[in-house]
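Hi,

I'm handing over the structure we talked about, and my notes on it follow just below. Have a look at the model first, then read on.

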Amino acid sequence: MTQNLSLYRIFYAAALAGNISKAADDLYLSQPAVSQSIRKLEQSLKTELFLRNSRGVQLTQEGEVLFSHVKSAFQSLEYGENELKLRRELGVGQLRIGVSSTLCKYLLLPYLKDFIKGHPHVRLAIACQSTNHTLQMLEEGELDLGLVGKPEQLKGMEFHPVCQIQDTFAASGEYLENLSCLLKETASLSVSFPGSALFLTKGTLMMLDKENLTRRYLEGYFQKENLLPEHILEATSMDLLIDFAKIGLGIACVIREFVEDELREQSLIELPSPFPIAPRDIGFVFSPRQEHPELCQKLIDPESGGRPPY
């Protein structure tokens with residue numbers, strides 16, 4: 001753009017008003033100043049933009065062409081100003097969140113339910129994906145917030161703990177009975193399985209895919225304890241692992257807090273871990289440089305009053 005924006009603003013006002021005097025009143029300028037600005041714009045574009053008559057001004061064909069583009073530009077600016085006003089007065093904004101499908105269902109939804117009640121004008125974008133993908137997008141500024149298992153390296157990110165989760169193994173009673181017979185085990189399902197390590201290594205072990213942080217955590221556990229599962233069935237979500245376990249496909253690596261109903265109803269039976277599994281921290285992770293610290297804090301900690309979490 002080679003012209004001063006103010007010249008286009010005056011041209012736009014004159015075209016809308018159809019009268020130099022009215023445009024001058026609308027712009028709080030003198031009539032000579034408006035006329036001079038329009039002549040300056042016409043001279044620089046080497047084009048006549050208005051036809052003058054006793055009743056006012058009328059756009060020429062060239063003026064109509066320019067007006068269509070100027071109108072679009074000023075409307076865009078007006079929309080931007082209105083959006084900023086809404087953000088300021090109503091708390092309108094956008095919050096981009098990355099989370100696994102499992103954590104979204106069991107942990108994020110309760111946060112969102114309360115947050116939306118207090119901030120109905122905030123637009124939410126939720127990407128259900130692996131923790132590694134969420135961390136990468138946070139580093140690149142493509143997300144504002146992530147709900148993840150605490151990674152080994154935060155790479156400059158801040159971590160706000162929410163809860164601890166406990167990995168465990170669960171299967172249907174029918175599957176365990178069949179596997180026990182196959183292995184010639186006689187342990188009752190109502191007591192601990194002294195042969196649980198054998199169950200995990202010889203049975204069908206159902207795990208999340210290799211991109212998942214939970215899978216990698218459990219693989220580290222198996223390597224450390226020298227457990228070598230012979231049969232692994234992969235699934236893309238923990239809900240699928242739970243459903244597969246309930247119909248007797250195998251032993252699912254699940255999070256205890258997310259199968260409490262199934263364990264209570266005994267549609268799933270928990271196997272005691274042959275070796276202790278350390279609990280994991282789950283929390284919100286964010287960059288200190290992200291764009292919406294107040295919105296993030298209102299979601300993470302509603303009692304904070306929107307103070308940035310760092």
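This is a predicted model: local features need pLDDT of at least 70, side-chain atom pairs count only at pLDDT 80 or more; totals for chains, interfaces and linings use all residues.

Let me start with one proline. Pro279 sits in the loop that joins strand E11 (269-271) to E12. Its relative accessible area is 41%, so Pro279 counts as partly exposed. Leaving out residues up to four places away in sequence, Pro279 touches Gln164, Ile165, Gln166 and Tyr217.

**The whole chain**

The protein has 310 residues, and 42% of them count as buried. Its secondary structure comes to twelve helices and twelve strands. If you take the contacts between residues at least 6 apart in sequence, 69% of them join residues at least 24 apart.

In soluble globular proteins, nonpolar side chains tend to be buried together. Here, the largest nonpolar core contains 35 residues, and Leu95, Leu108, Leu145, Leu147 and Val254 have the most contacts inside it. At least two residues of this core come from each of these elements: strands E3 (93-99), E5 (145-149), E8 (204-208), E10 (251-255) and E12 (280-286), and helices H5 (101-118), H10 (238-246) and H12 (293-300). Which of them gives the most to this core? That is H5, with six residues.

Apart from neighbours within four places in sequence, Leu145 is in contact with Arg96, Ile97 and Gly98, with Leu138, with Phe284, Val285 and Phe286, and with Cys296, Leu299 and Ile300. There is also a second, separate core of 23 residues, which includes Tyr8, Leu27, Val34 and Leu66.

**Helix H10**

H10 has the buried residues Met238, Leu241, Ile242 and Ala245. Why do they lie on the same side of H10? They cover an arc of only 100 degrees around the axis, and that puts them on the same side. As for partners, the buried residues of H10 pack against helices H5 and H11 (260-265), and against strands E7 (167-171), E8, E9 (231-235) and E10. Gly248 follows H10 and has a positive phi, near 90 degrees.

**Cavity and pocket**

The largest cavity has a volume of about 150 Å³. It is lined by 16 residues, and Ser100, Leu103, Thr131, Asn212 and Thr214 lie nearest its centre. H5, helix H9 (213-224) and E12 are the elements that give two or more residues to this lining. By class, the lining of the largest cavity is made up of seven nonpolar, eight polar and one charged residues.

The largest pocket holds about 460 Å³ of space. It has 18 lining residues, of which Lys150, Pro151, Glu152, Gln153 and Leu213 are the closest to its centre. Helix H6 (131-139), H9 and E12 each supply at least two residues of the pocket lining, and H6 gives the most, with four. Sorted by class, the lining of the largest pocket has seven nonpolar, four polar and seven charged residues.

**Some backbone spots**

One is Asn226, with a phi of about 60 degrees, found in the loop between H9 and E9. Asn226 counts as exposed because its relative accessibility is 61%, and the cut-off for exposed is over 50%. The other is Gln266, whose phi is near 65 degrees and which lies in the loop between H11 and E11. Gln266 counts as exposed too, at 59% relative accessibility.

Finally, is Gly173 buried or exposed? Gly173 belongs to helix H7 (residues 173-182). At 18% relative accessibility it counts as buried, since buried means under 20%. The C-alpha atoms of Gly173 and Leu268 are separated by 6.6 Å, although the two residues are 95 apart along the chain.

Happy browsing, and write back with any questions.

Best wishes

Notes
Residues are numbered from 1 along each chain as its sequence is written. Side-chain values use heavy atoms; hydrogens and water are left out. A nonpolar core is a set of buried Ala, Val, Leu, Ile, Met, Phe, Trp, Tyr and Cys residues joined through side-chain atoms within 4.5 Å. Buried means under 20% relative accessible area, exposed over 50%, partly exposed in between (1.4 Å probe, protein chains only). Contact means heavy atoms within 4.5 Å. On a 1 Å grid over the protein atoms alone, a cavity is a set of points where a 1.4 Å probe fits but cannot get out, and a pocket is an open set with protein on both sides within 12 Å along at least five of seven lines; lining residues have an atom within 4 Å of a point. Grid points are joined across faces, edges and corners, and a volume is the space filled by probe spheres set on the points. Ala, Val, Leu, Ile, Met, Phe, Trp, Tyr, Cys and Pro count as nonpolar, Asp, Glu, Lys and Arg as charged, and the others, Gly among them, as polar. The arc is that of the directions from the helix axis to the C-beta atoms.
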